[in-house]
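Q: Please take a close look at the surroundings of the ligand in this model. Then place them in the rest of the chain.

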Amino acid sequence: MQPVSPVLISDNQEIGNQAFLLKFKRTFTFKPGQIIGITTQKDIAPRLYSICSSPDETYISILYTIKDDGILTPQLAGLKEGDRIHITHPQGKFTFSGEPAWWIATGTGIAPFYSMFRSGQKPLKLIHGGRILTDLYFHQQFNALPDYIKCCSQDSGESIFAGRLTSYLDGLDTLPPNINYYLCGSAEMVVDVRNLLIKKGVEYHQIITEIYF
Ligand SMILES: Cc1cc2nc3c(=O)[nH]c(=O)nc-3n(C[C@H](O)[C@H](O)[C@H](O)COP(=O)(O)OP(=O)(O)OC[C@H]3O[C@@H](n4cnc5c(N)ncnc54)[C@H](O)[C@@H]3O)c2cc1C
C-alpha cells in the first residue's frame, strides 16, 4: 500500500444527490488532472480520486458520490470539519497541455476537467453527460465556456441536449480530425465513447482516457 499522511477535513458539503465536495488544506503541489488516494483508516486501502480544485488554491477539493454498497464513500459522507483522513501523494498522467481538444465526461468524471478549467485551461468543446441537469456538477461555472454541451438522458430544457452523451456524439456528421479527445468517467462510458470516436474516424492515439473503476 502506498504511504499515506493525515490531513484534517475543512468541509464536506453535499452538493447534489449523493454527491459531496470534500475539502482539506493543500500541503503539496500537483498538476490539474492528477489524482490522490484517500482513506479514512490505515487498514482500508486508499481509493483514488481526481483533484477538482486548481493547483494554486489553498484547499484541495474532491468530488465524490456515495456508493451505497461501497466501503469508503459511505464513511466519507459521514465526516465533518476537523475529522481526519489519510491521503497519498498526487499521481497520474491525465493532464492537459493546452492543445486543441474536446473534453468528454460523465458523473464525477468531470472532476479533472474542473481542475483544468479552474486553472485557466480550456477545451474547444466540453461534452458533459448525466441523468438530470443537477448531475452535471459545476454546470453553471462551465457555462462560461464558448462551446459547452449539456447532455441529460432524463431531463430537457432550452440549453440541454435531451439524450445520452453518446447519442449527441453519434448525431454529429463529422468530428474535428486533428485534435485530441479527453475522456473521463466509468469504464462503460469510456469504452462506448472511444468505440464511437474510432468509428467516426478518430485515431486511437488521439483519445486520452481516465477510467473510474
Ligand atoms: C483513476 C481514478 C479516479 C477516480 N476518481 C474519482 C472521483 O474523482 N470521484 C469519485 O467519486 N470516484 C472516483 N473514482 C472511484 C473511486 O476510486 C472509488 O472506486 C469509489 O469512490 C467507490 O469507493 P468505495 O470504497 O465506496 O466502494 P468500494 O468498496 O471500492 O466498491 C466499489 C464497487 O465495487 C463493488 N465491489 C467491491 N468489492 C467487490 C468485489 N470483490 N467483487 C465485486 N464487486 C465488488 C462494490 O459493490 C461497489 O459497487 C476514481 C477511480 C479511479 C480508478
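A: Four elements each supply at least two residues of the shell around the ligand: β4 (47–50), β5 (59–65), α1 (72–77) and β12 (207–212). The largest share comes from β4, with four residues. This is a predicted model.

In total, 19 residues surround the ligand. The closest are Y64, G70, I71, L72 and T73. By class, the shell holds 10 nonpolar, five polar and four charged residues.

Now the domains. The domain assignment gives domain 1 (5–87) and domain 2 (101–212). The shell around the ligand draws on both, taking at least three residues from each. The centres of domain 1 and domain 2, taken over C-alpha atoms, are 24 Å apart. Their contact takes 15 residues from domain 1 and 13 residues from domain 2.

Look at the domain 1 side of that contact. β1 (5–16) and β5 are the elements that give two or more residues to it. β5 gives the most, with three residues. β5 also supplies at least two residues of the ligand shell. By class, this side of domain 1 has eight nonpolar, seven polar and no charged residues. The ligand shell, by contrast, includes four charged residues.

On to β12, another element that supplies the shell. β12 is among the elements that the buried residues of helix α5 pack against. The others are β7 (101–106), α4 (165–170) and β11 (180–186).

Helix α5 covers residues 187–199. At 1.5 Å a residue, its 13 residues should span 18 Å, and the end C-alpha atoms are 18 Å apart, so the two values agree. M189, V190, V193 and L197 are buried in α5. Seen down the helix axis, the buried residues fall within an arc of 95°, so they line one face of α5. The general rule behind such a pattern is simple: an α-helix has 3.6 residues a turn, so residues three or four places apart point the same way. The face of α5 turned away from the buried side carries exposed residues: A187, E188, N195 and K199. Just after α5 comes G201, with a positive phi of about 105°.

To return to the ligand: β4 gives its shell the largest share, and both domain 1 and domain 2 contribute residues to that shell. β12 supplies at least two of the shell residues, and the buried residues of α5 pack against β12.

Definitions and conventions. Residues are numbered from 1 along each chain as its sequence is written. This is a predicted model: local features need pLDDT of at least 70, side-chain atom pairs count only at pLDDT 80 or more; totals for chains, interfaces and linings use all residues. A residue is near a molecule or strand if its C-beta atom, placed from the backbone, lies within 6 Å of it. Ala, Val, Leu, Ile, Met, Phe, Trp, Tyr, Cys and Pro count as nonpolar, Asp, Glu, Lys and Arg as charged, and the others, Gly among them, as polar. Domain bounds come from an automatic or database domain assignment. Two residues are in contact if their C-beta atoms, placed from the backbone, lie within 7 Å. The expected span of a helix is 1.5 Å times one less than its number of residues. A residue is buried if 20 or more other C-beta atoms lie within 10 Å of its own, exposed if 12 or fewer, and partly exposed in between; C-beta atoms are placed from the backbone. The arc is that of the directions from the helix axis to the C-beta atoms.
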